[in-house]
Amino acid sequence: MATIEIDSGSGFCFGVVTAIRKAEEELDKSGRLYCLGDIVHNSNEVERLESKGLQTITHDDLHQLHNVTVLLRAHGEPPETYRTAASNGITIIDATCPVVLQLQRRINARYNTLLPDGSHPQIVIYGKKGHAEVNGLVGQTRGEAIVVESLDELDRIDFSRDIYLYSQTTKSLQGFAAMVEAISRRRKAGFESFDTICRQVANRIPLIREFAQSHDLILFVCGSKSSNGKILYEECRDANPASYQISSHDEIRAEWLRGKEHIGICGATSTPRWLMEQVRNAVAAMLGEPI
């Protein structure tokens, strides 16, 4: 008889929980709510909320809307978004994660602390270009911050100037440490780094590796858009090669389950608990086990 276990540490982080709670409260009240971008990088959860009246919009759409209510998701937004909303009479439900909001304020304060020659400091952000959170952070510097995704992109930095390095909140601690070391070796002026990685996310790496190692098979559940999911899945696969990434229960293959006695199910910070439970129930049904 196989054991099927859902990782107790997987699932929504508190920022996503808050955003979804605020969306559901508004939908229960009015039956309609716009959300600027996917509320969470999981299509199953987005579809669930859309069935309740949530409508996902783009920034281009935002400029065309007037006198409606729009939710800003946990990733945060640049100042321009708030200006557009104000000029269009849009009511904002701000679900920006407190960790992201604090980081935005820190970057904005640093950027507006002018240097003796009147110029703005050189802000560098370790993060994924185009990611919603990173767009919001860059917006705090009027678009001037330099975004680097890997050590191969460090040539974009002016090493003759002082450097102030921050990180997207969902990046890995190891990646940030490597970035700090590489910049330290090449710098010719001042350098300050600020570890702004969310510990609720970062601490999941050692825990999820331990979970993966304690099972014969890992089913990692997450959406294809989840940056955090990509990082955590790679950690799972490194800890246990018998790890498979799926977005829903209908992607499970019977051959994965053969001969496996301890099956673990886990996911990203954008993976809803109900979706992992669906996967557990599907595995149990395929194995003829009680749910």
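Okay, some ground rules. What we have is a predicted model, so to speak: local features need pLDDT of at least 70, side-chain atom pairs count only at pLDDT 80 or more, and totals for chains, interfaces and linings use all residues. Residues are numbered from 1 along each chain as its sequence is written, and side-chain values use heavy atoms, with hydrogens and water left out.

Let's start inside. A nonpolar core here is a set of buried Ala, Val, Leu, Ile, Met, Phe, Trp, Tyr and Cys residues joined through side-chain atoms within 4.5 Å. Buried is under 20% relative accessible area, exposed is over 50%, and partly exposed is in between, with a 1.4 Å probe and protein chains only. The largest core has 17 residues, and V124, L154 and M179 are among those with the most contacts inside it. Which element gives the largest share of this core? That's helix 7, with five residues. Helices are DSSP runs of H or I, at least four residues, and strands are runs of E, at least two, both numbered from the N terminus. M179 touches Y126, V148, S150, L151, L154 and L165, leaving aside neighbours within four places in sequence; contact means heavy atoms within 4.5 Å. There's also a second, separate core of 16 residues, including V16 and L27.

Next, two helices. Helix 5 (98-111) and helix 6 (132-139) pack at about 30°, axes 8 Å apart. The axes are lines fitted to C-alpha atoms over the stretch in contact, and angles run from 0 to 180 degrees between N-to-C directions. So the two are roughly parallel, a label for angles under 35 degrees, with over 145 roughly antiparallel, 65 to 115 roughly perpendicular and the rest oblique. On the helix 5 side the contact includes V100 and L103, and on the helix 6 side E133 and G136.

Now, cysteines. C236 is buried at 0%, and C97 is buried at 9%.

Last stop: T269, in the loop between strand 12 (262-267) and helix 12 (273-287). Buried or exposed? Buried, at 7%. Beyond four places in sequence, T269 touches residues including G11, F12, C13 and V16.
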